[in-house]
Amino acid sequence: VTAYNNVASHIAREMEIPINDLHGFVTRAGCDSLIGDDGVHFTDDGYALLGEAVAEFLKTLLNNKYEKV
């Protein structure tokens, strides 16, 4: 995942595309507490935290967009 993220981040920065690093978010928050027993899907708390992270990221983008207008 890290190698793919590095390439994607490089391209996104070159194209000035905002990045929401959810992999980094999950890693910092603690995979063990956010990933379910199957090792693939998030727990309910994990999905809730991801939703909050995405919402905050989008709010920041929208606020910055409208501040420039």
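## Questions about a loop, a pocket and some side chains

Me: Where is E16 found?
Reply: First, helices are DSSP runs of H or I with at least four residues, and strands are E runs with at least two, numbered from the N terminus. By that naming, E16 is found in the loop between α1 and α2.

Me: What kind of model is this?
Reply: Residues are numbered from 1 along each chain as its sequence is written, and side-chain values use heavy atoms, with hydrogens and water left out. Local features need pLDDT of at least 70 and side-chain atom pairs count only at pLDDT 80 or more, while totals for chains, interfaces and linings use all residues, because this is a predicted model.

Me: Is E16 buried or exposed?
Reply: Buried means under 20% relative accessible area, exposed means over 50%, and partly exposed is in between (1.4 Å probe, protein chains only). E16 has 73% relative accessibility, so it counts as exposed.

Me: How far does α1 reach from its first C-alpha to its last?
Reply: α1 has 13 residues. The expected span is 1.5 Å times one less than the number of residues, and here that gives 18 Å. The helix comes close to that, reaching 18 Å.

Me: What volume does the largest pocket have?
Reply: On a 1 Å grid over the protein atoms alone, a pocket is an open set of points where a 1.4 Å probe fits, with protein on both sides within 12 Å along at least five of seven lines. Grid points are joined across faces, edges and corners, and the volume is the space filled by probe spheres set on the points. For the largest pocket, that comes to about 160 Å³.

Me: Which element gives the largest share of the lining of the largest pocket?
Reply: Lining residues have an atom within 4 Å of a point, and among them here are T2, N5, I19, D21 and H23. The elements giving two or more residues are α1 (2-14) and α2 (22-29). The largest share, six residues, comes from α1.

Me: How many charged residues does the lining of the largest pocket have?
Reply: Asp, Glu, Lys and Arg count as charged; Ala, Val, Leu, Ile, Met, Phe, Trp, Tyr, Cys and Pro as nonpolar; and the others, Gly among them, as polar. The lining has four nonpolar and six polar residues. The number of charged ones is one.

Me: What is the angle between the planes of F42 and Y47?
Reply: Rings of Phe, Tyr and Trp (its six-membered ring) pair if their centres lie within 6.5 Å; planes under 30 degrees apart are stacked, over 60 edge-to-face, and the rest tilted. The structure holds one aromatic pair. F42 and Y47 form it, edge-to-face and 5.5 Å centre to centre, with the planes at 70°.

Me: Which side chain meets K59 in a salt bridge?
Reply: A salt bridge is a side-chain nitrogen of Lys or Arg within 4 Å of a carboxyl oxygen of Asp or Glu, and the count comes to one. An α-helix has 3.6 residues a turn, so residues three or four places apart point the same way. At 3.3 Å, N to O, the side chain that meets K59 is that of E56.
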